[in-house]
Amino acid sequence: MPHTPSSTTQQLPDAAVIVLFGATGDLAGRMVLPAIVEVHERGLMPRAWRIIGCAADELDDEGFRRHVDEAVARRGGGLPDDWAHIRGNVRYCAGTFGVDNPGRLPEVLGEVREELRRETGGEPVVIHFLAVPPVAFAPITRGLGAHHLADGARVIFEKPYGTSLESFEKLDALVKEVLAEEQVFRIDHFLGKEGVQTIYVLRFANQLFGSEWNRSSIEQVQIDVPEDLDVANRATFYEATGAALDMLVTHLFQVASQVAMEPPMDLRDPNSVLQAREAVLKSFHPLDPKEDVVLGQFDGYRDIPGVPDDSTQDTFVAARLWVDTERWRGVPFLLRTGKRMATKQQRITLVLRPPFGPLAHELKVPNTVEIDFAGEGEVALGMTVKTPGPDLTYSSGRARLNLDDVVGGEGLSPYASLINDALVGDRSLFTTAEGLRAAFTAFAPLQGPDRPAPLPYPPGSWGPEEARRLAAPHRWMLGE
Ligand SMILES: NC(=O)C1=CN([C@@H]2O[C@H](COP(=O)(O)OP(=O)(O)OC[C@H]3O[C@@H](n4cnc5c(N)ncnc54)[C@H](OP(=O)(O)O)[C@@H]3O)[C@@H](O)[C@H]2O)C=CC1
Ligand SMILES: O=C1O[C@H](COP(=O)(O)O)[C@@H](O)[C@H](O)[C@H]1O
């Protein structure tokens with residue numbers, strides 16, 4: 001099994017340097033920097049390590065360290081005991097890095113590598129983490145190649161890796177000119193969530209689930225990620241991206257592939273897991289934008305500074321995806337996400353078919369297998385039981401297992417989990433070019449002339465009413 005502590009610590013390098021592009025951005029501050037510190041606190045960082053932040057802001061090392069102090073403090077739980085010492089591991093290079101403007105990065109990286117060589121006697125692993133908008137991937141990658149900073153390094157690309165099939169192909173071609181596939185770590189942090197990782201084990205280690213994981217037993221798969229979050233603090237990025245590109249072709253498709261994949265040959269072989277998950281993406285039927293997609297835009301989105309008055313960007317998407325495999329033919333995968341919705345939740349629901357036999361027509365609520373993948377993760381069963389009492393009547397009940405209650409376990413946050421994987425060179429929870437090509441191919445019709453106009457919805461709601469149609473004959477299991 002990938003990700004066991006023994007397998008990760010065995011392959012941990014003695015020294016590593018993480019070069020963080022977009023170091024002053026939202027993602028870096030909220031997720032990446034706290035995650036690096038979490039990996040350190042969990043004893044999963046190499047013996048010697050450094051971070052080099054890169055962004056346009058004119059900061060010096062100490063200015064960036066203060067930025068990191070604040071980011072780490074904001075996560076809650078206080079600063080690590082050895083913080084005064086480890087903040088000294090942090091350096092900064094100001095400027096927009098590229099072919100014509102390497103700035104101080106080659107020099108600072110050279111210094112840091114030399115320090116780490118002296119400290120450990122070995123060559124440090126270099127990880128470039130591109131926590132930048134997609135438009136910046138190509139110039140930074142070219143710059144890494146031109147200044148020989150990619151040699152032997154690993155490069156983590158944020159999502160979305162491309163913004164359409166065409167831009168994906170261009171980026172892929174460029175990346176292949178500079179990097180070998182083993183150097184490329186295309187991140188999708190939903191794959192790093194404990195609740196998503198547990199799907200393999202739930203399914204392959206429990207006959208109860210494994211034997212029913214198919215169209216004979218499952219009527220619908222719902223993958224529902226409502227968010228109450230606003231986008232005002234990232235309006236420029238969001239207006240250029242929208243919900244479907246930000247969340248659907250990326251996170252929701254990847255979670256769908258995790259549910260839909262065929263069993264890998266060997267669960268302990270990261271490559272085998274990777275290939276099995278990514279292979280099923282090729283069976284995703286291209287979306288039918290007219291029949292199977294509803295877009296929405298929350299009321300007030302156009303009032304956000306930076307958003308044009310006539311914006312048609314989507315802040316909500318619901319889609320019915322068909323997976324053309326023997327296992328799933330005819331089972332809709334219902335995917336939904338949006339901003340400013342009623343609540344923040346992340347849930348996979350397998351909606352089970354009604355039973356055969358004497359109670360076949362009695363059940364009003366379908367039985368379900370539910371996997372919550374927000375936070376620490378939870379597995380639940382929605383089942384029909386006899387209503388306690390003298391009469392033979394039926395009720396729907398729920399049994400829950402919070403993954404944090406599993407004895408001996410201590411979950412990692414998604415970015416910590418994936419940074420740990422990148423440090424040890426385990427690519428099983430990263431995406432492949434073939435998988436993303438297939439994802440963008442299935443998504444492409446939504447970027448063409450048949451893209452539906454986004455329907456308005458009130459903030460704090462479950463999105464446009466029209467989205468209910470997709471879940472028929474049931475309803476979206478969350479909300480409403
Ligand atoms: N924020 C989130 O919750 C998540 C974001 N992501 C992904 O992370 C990436 C970054 O998003 P986010 O942090 O929200 O965006 P922000 O706009 O907050 O930050 C982007 C960072 O990238 C830098 N940057 C912007 N344009 C360029 C450019 N052309 N060249 C070099 N650097 C540039 C900015 O630096 P400067 O201001 O100095 O130019 C800034 O430091 C996106 O691809 C997004 O999809 C993924 C998961 C979650
Ligand atoms: O990648 C993204 O993910 C976040 C949701 O991530 P989570 O870790 O909070 O579940 C989403 O809000 C953001 O728009 C998107 O870019």
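Biologist: What makes a residue part of the surroundings of ligand 1, and how many are there?
Modeller: The test is a C-beta atom within 6 Å of the ligand. In this predicted model, 21 residues surround ligand 1, and the closest are G22, G25, D26, L27 and A56.

Biologist: How do the residues of that shell divide by class?
Modeller: There are 11 nonpolar, five polar and five charged residues around ligand 1.

Biologist: Let's turn to H251. Why is H251 called buried?
Modeller: A residue counts as buried if 20 or more other C-beta atoms lie within 10 Å of its own. H251 has 23 within 10 Å, so H251 is buried.

Biologist: Where does H251 lie, and what does the record list for H251?
Modeller: H251 sits in helix α10, which covers residues 235–260. An unreviewed UniProt entry lists H251 under "active site".

Biologist: Which residues is H251 in contact with, leaving aside its neighbours within four places in sequence?
Modeller: Those are D188 and F190. To be in contact, two residues need C-beta atoms within 7 Å.

Biologist: How is the chain divided into domains?
Modeller: Domain 1 is 5–186, and domain 2 is 191–413 + 438–471. Their C-alpha centres lie 31 Å apart. The contact takes 12 residues from domain 1 and 12 residues from domain 2.

Biologist: Which helices supply at least two residues of the side of domain 1 that touches domain 2?
Modeller: Both α2 (26–41) and α7 (165–178) do. Helix α2 gives the most, with three residues. By class, that side of domain 1 has five nonpolar, three polar and four charged residues.

Technical notes
Residues are numbered from 1 along each chain as its sequence is written. Chains are lettered from A and ligands numbered from 1 in the order in which they are written. This is a predicted model: local features need pLDDT of at least 70, side-chain atom pairs count only at pLDDT 80 or more; totals for chains, interfaces and linings use all residues. Ala, Val, Leu, Ile, Met, Phe, Trp, Tyr, Cys and Pro count as nonpolar, Asp, Glu, Lys and Arg as charged, and the others, Gly among them, as polar. UniProt positions are given in the numbering used here, feature names are shortened, and annotations may be inferred rather than shown by experiment. Helices (H or I, at least four residues) and strands (E, at least two) are DSSP runs, numbered from the N terminus. A residue is buried if 20 or more other C-beta atoms lie within 10 Å of its own, exposed if 12 or fewer, and partly exposed in between; C-beta atoms are placed from the backbone. Domain bounds come from an automatic or database domain assignment.
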